[in-house]
Amino acid sequence: MTALPSEPARQIDAALVSRAFEVAGRLANDAADVITATAGRGARPAPTESPFDWVTDTGRTLERHTRRVLSEEFPGTPVFGEEFDDLPTDARSHGFRWSVDPVDGTANYVAGLPWCAYSLAMIDDHGPVVGVVADPYRAQIYAAARGRGMRANGVPVQLSAQRETRAGIVCTELTKDGPWAGMGRFISGAARAQVGVRLLGSPSLAIAQVALGHAMAAVLDSYQEWDVAGALALAIEAGAEVVDRQGRTASLPEDGVLVAAPGVTTEVLDWWHTAQP
């Protein structure tokens with residue numbers, strides 16, 4: 001299947017992008033310090049909470065801090081987040097908005113497993129404008145701005161084309177209710193192609209692995225905007241292909257997303273389609 005071109009994004013004031021990039025990076029550094037200092041300290045979910053969708057005091061604190069800083073730096077720009085909001089259906093009509101997941105991979109955080117992240121993005125009606133993902137356990141801040149490339153701790157990252165899937169890694173994730181429909185078939189299809197599938201518990205870090213060149217693709221059958229927006233900014237600026245489940249190029253697909261290194265999108269998309277019930 002051929003990926004279709006997306007509508008070109010509008011030009012944005014360069015000073016606004018620079019300021020958003022600086023503030024987002026500062027917030028990511030703040031969050032990384034808090035996460036590493038508090039992970040695995042005995043937090044437990046309420047009895048009614050899904051173990052795939054926990055809320056912690058750390059998450060609430062970081063999101064409040066993020067909202068406070070962004071309201072001061074960008075007054076009037078709405079902020080939507082994992083801990084306190086459902087994204088409204090008219091979110092795209094706001095113009096610019098911020099989307100934050102203060103602890104992406106909460107179950108890992110609670111257990112002290114070193115695989116969770118802070119994710120923040122400024123978004124317009126064409127998708128992420130600025131995105132940051134803090135990877136606290138690897139002491140890395142991944143950051144990108146539209147048209148300015150991706151950096152990992154300040155070092156530019158750019159993907160090269162990949163022509164073979166064999167021996168590669170594809171990431172996917174559970175939904176908050178467990179495996180997505182067809183996940184088992186997807187894993188089996190990848191295994192037949194001698195490709196490993198990893199479910200590591202953080203959508204933003206799953207996509208970031210593609211942007212960094214560690215994984216060749218990530219498939220998320222469903223997600224919340226704040227789970228992925230920051231990481232999608234990274235992937236796009238690193239040169240990854242981002243498509244929806246129909247194979248259409250989209251910077252922030254609304255119904256599942258495939259992020260892939262250049263050259264492998266069609267094959268991974270076929271596994272995804274074949275797995276659908």
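**Notebook: helix pair, α5 and the cores**

The model is predicted, with local features needing pLDDT of at least 70 and side-chain atom pairs pLDDT 80 or more, while totals for chains, interfaces and linings use all residues. Residues are numbered from 1 along each chain, and side-chain values use heavy atoms, without hydrogens and water.

I noted α1 as residues 14–38 and α2 as residues 57–73, with an angle of about 160° and axes 11 Å apart. That makes the two helices roughly antiparallel (over 145 degrees). I listed the contact residues (heavy atoms within 4.5 Å): among them are Arg19, Val23 and Asp30 of α1 and Leu62, His65 and Glu73 of α2. By class I have 8 nonpolar, 4 polar and 4 charged residues there (Ala, Val, Leu, Ile, Met, Phe, Trp, Tyr, Cys and Pro are nonpolar; Asp, Glu, Lys and Arg charged; the others, Gly among them, polar).

Next I checked α5 (residues 203–212): 10 of its 10 residues are buried (under 20% relative accessible area, 1.4 Å probe, protein chains only). Just after α5, Gly213 has a positive phi of about 90°.

Of its 36 residues, Tyr142, Met150, Ile207, Leu232, Leu234 and Val259 touch the most other members. Helix α6 gives the most to this core, with 8 residues. A second, separate core has 33 residues, including Ala31 and Leu62.

Definitions and conventions: Axes are lines fitted to C-alpha atoms, for helices over the stretch in contact, and angles run from 0 to 180 degrees between N-to-C directions. Helices (H or I, at least four residues) and strands (E, at least two) are DSSP runs, numbered from the N terminus. Angles under 35 degrees count as roughly parallel, over 145 as roughly antiparallel, 65 to 115 as roughly perpendicular and the rest as oblique. Buried means under 20% relative accessible area, exposed over 50%, partly exposed in between (1.4 Å probe, protein chains only). A nonpolar core is a set of buried Ala, Val, Leu, Ile, Met, Phe, Trp, Tyr and Cys residues joined through side-chain atoms within 4.5 Å.
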